[in-house]
Amino acid sequence: MIRENGQKLLESKVHIPDIQKNFQIREDLLNELEQEKARILIFHATIGYGKTVLMSQYARLPGRLCAWYHLDSLDNEASTFLSYFVLSLERALDGFGFDAGAASREKLAPAQFLRELLVDTAEYMKKIPEQRLVIVLDDFQVLVNPEIFELLEELLDHMPEQFLILVATKSIVPELFTKYLLKGTARTYNHEKLRFSKKEADEVLRKMLSGEDTEQYTEQVWKNMEGWPAGIMFVALYLRQSGGKVSPKDWPDIREDTLVQNYIAYELFKKLPFDIQNFLLKTSFAEELQPDLCNVICGITNAGAILKYLLQEDMFILHVGGKKGSYRYHSVFRGFLMERAGEDTGREVSLIIANYYMRKQELGIAAVYAKRSGSQELLAEIVDKVGTSVLRPGGKVVLRISCFGKFRVTLLPEDRELSWRTRKGMELFAYLVDLEGRSVERRILLEQLWPDNSPNNAVAMLHNMIYSIRKELSDYPEFEHIIRYQDRQYSLDMSLIQSDLSLMKRIGELAEQGNAEELLPYQDKILDCQGVYLEEIDGAWCMSRRAYFERVYGRACRLLAKYWSSKENYEQEVLLWQAYLDADPYAEDAVAGLLQAYRKMNERGQIKKVYDKVTKLFREELGLEPGPEIVAIYEESMGFKRS
């Protein structure tokens, strides 16, 4: 199609993608989207999570008309963007016509052009009130022009009631949508929401394998691919072609033989800058990624910024629950990277990691990496310190439990995180950890965890949860009786458990005593706050303790911030006030303290940045202005005259 200005428009960019017959129809997710009240839906995840397929399925639901627009980097010019937007509407709405040429001749500004287009579209939609118009913006991450973002804001602010906006991006959710998310008119769907459920993985396998018995390997496919839709489809295709069975030892070959490797290589990895590729390859040999460790592995100083970039770009990197600043690669992506890096690099990097953990005195983890590196000298040094128990799989195994942030249970020294079949199983274990070895009557346990179920159902679920926990730990005889039952009471054997709960309790005690100097040895732990106590758990049983830890955490930050202020070490003071504010964005004393600290450092730019951010938050979230103390500090710091 040719526009009046001579611009050639490609019909393929406004064509709704066809759905191949072997694609999984995501009925549960589509039903959820159908019930969604938000009119702006943002799908953000890396390659292979089925964003485009899901949107095309949604656009074809009854009562939907679809204006599809597949963006690319050449659309970062306002006139091009508007031309394609008009074309997508014309293809969606039979008989709809907008005289873009006349608008162009009148030399309308882009924003006025868009407003007139929306008026015409709204008038057209009145003729078909039973229909909704779905506007799809696919590959949104390519847009970088602020002028187009202003046009989109105009669209989002003034779109007719019958409009729905679907956005797909491989990158972080654009800042443009922040105010709509805060208002509740927009909703995000990330990789956690987009990944296949085990039920969907089973349906894919049954469809691809012509109804063969798939139960024996559905669990393995789903778990190894971590629900990644593209990976599950590739493995299903591989199984259909090879007629083979899946066993744990086959997975390295399956990853190599399927299209997974090529897909990741050509769609993602080869498009990255060389320094990012090098970072990914070397750090893939670490089970858990933290900035300090990654700096050591790569011999750099900016690993924190690179990890943040990877997270923002949704680069198959996931938060490690309950650990601030800790990440891991998606297992499929990690397998690809390790294969590409090679065994020699693996041994070299493993030796670096082993030495890193040796210096941190985490000898169990150091032993794991020392074995992988093949360094007999380092292994002998570790054995001299802690004995041979670290050498056998399941040697002196303990459970490391993180209660702050995401509840996380990790087997040491293997550093393997336990998985939970259900959220209720996780909550049961967290409840027992919260008791710290004390016994609880079964009746109370049932009332706290299953208050709405009949006694018989609740007992059955309790037994199922305990069975699944014991099964997860069945390879380790040490944990056979970790959940004890006696006289109709349950308790947890804490002798093989390391938990951050005792540390935070000690910090709370010192904070309540008000002695800043005794808190100093714990400052790093305070700054490395994992989040609120059991943040994923909604049970009423943990609320009072959560409130206690939030209160004493704020008090600990205040005490240490004031201590450093008295020593005129304002950089340390800023760190403490900022940590307090990160934990409680509405804490006005933290805002005032942070502004005062920056004032003493003569950092006017930081003062304005903090004040503007807080003002925006208070207005949009609370409908309030910052308190008079904050305003006074800000105005005095910036040199405003007060009347």
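Lys 199 counts as partly exposed, at 48% relative accessibility. The term covers residues between buried (under 20% relative accessible area) and exposed (over 50%), using a 1.4 Å probe and protein chains only. Please keep in mind that this is a predicted model, in which local features need pLDDT of at least 70 and side-chain atom pairs count only at pLDDT 80 or more, while totals for chains, interfaces and linings use all residues. Residues are numbered from 1 along each chain as its sequence is written, and side-chain values use heavy atoms, with hydrogens and water left out.

Which residue does Lys 199 meet in a salt bridge? The partner is Asp 28, with 3.5 Å from N to O. A salt bridge here is a side-chain nitrogen of Lys or Arg within 4 Å of a carboxyl oxygen of Asp or Glu. Asp 28 sits in helix H1 (residues 27-35) and Lys 199 in helix H9 (residues 198-208), so their pairing ties together parts that lie 171 residues apart in sequence. Helices (H or I, at least four residues) and strands (E, at least two) are DSSP runs, numbered from the N terminus. Like Lys 199, Asp 28 is partly exposed: Lys 199 has 48% and Asp 28 has 45%.

By the same rule, the count comes to 37 salt bridges. Helix H1 takes part in another of them through Glu 32, whose side chain meets that of Arg 187 at 3.9 Å, N to O. Arg 187 belongs to strand S5 (residues 186-189), so this pair links parts 155 residues apart in sequence. Both residues are partly exposed, with relative accessible areas of 30% for Arg 187 and 27% for Glu 32.

Glu 512 lies in helix H24 (residues 501-513) and Arg 551 in helix H27 (residues 543-566), so the bridge ties together parts 39 residues apart in sequence. Glu 512 has a relative accessible area of 42% and is partly exposed, and Arg 551, at 47%, is partly exposed too. Returning to Glu 32 and Arg 187, salt bridges that share partners join these two with Glu 36 and Lys 193 into one network.

## A parallel sheet of five strands

Strand S5 also has a place in an open sheet of 5 strands, ordered S2-S3-S4-S1-S5, with parallel pairing. Two strands count as paired if DSSP finds at least two bridges between them. At the edges stand strand S2 (64-70) and S5, each pairing on one side only. From one strand to the next, the twist averages 15°.

S2 pairs with strand S3 (residues 132-138) in the parallel sense over 7 bridges. Among the bridge partners, Leu 65 goes with Leu 133 and Tyr 69 with Leu 137. Is S2 enclosed or open? Of its 7 residues, 5 are buried, so S2 is largely enclosed by the rest of the structure.

Helix H2 lies across S1, S2, S3 and strand S4 (163-169), and runs at about 165° to S4. Such angles run from 0 to 180 degrees between N-to-C directions, with axes fitted to C-alpha atoms, for helices over the stretch in contact.

## Thr 46, in a loop

Where is Thr 46 found? It is in the loop between strand S1 (40-44) and helix H2 (51-59). At 5% relative accessibility, Thr 46 counts as buried. Leaving aside residues up to four places away in sequence, Thr 46 touches Lys 51, Lys 170, Leu 268, Asp 314, Met 315 and Phe 316. Contact means heavy atoms within 4.5 Å.

## A mixed sheet of four strands

Another open sheet has 4 strands in the order S10-S9-S8-S14, with mixed pairing. Strands S10 (416-417) and S14 (497-499) are at the edges with a single partner strand each, so one side of each is left without a neighbour in the sheet. S14 pairs with strand S8 (residues 398-402) in the parallel sense over 3 bridges.

## A nonpolar patch

Tyr 586, Leu 622 and Leu 624 make a nonpolar surface patch of about 270 Å². Patch residues have over 30% relative accessible area and no salt bridge; like charges are joined within 9 Å and nonpolar side chains (Val, Leu, Ile, Met, Phe, Trp, Tyr) within 5 Å. Areas come from the Shrake-Rupley method with a 1.4 Å probe, and for residues only the protein chains shown count as cover. Tyr 586 is in the loop between helix H28 (570-583) and helix H29 (588-600), and at 34% relative accessibility Tyr 586 counts as partly exposed.
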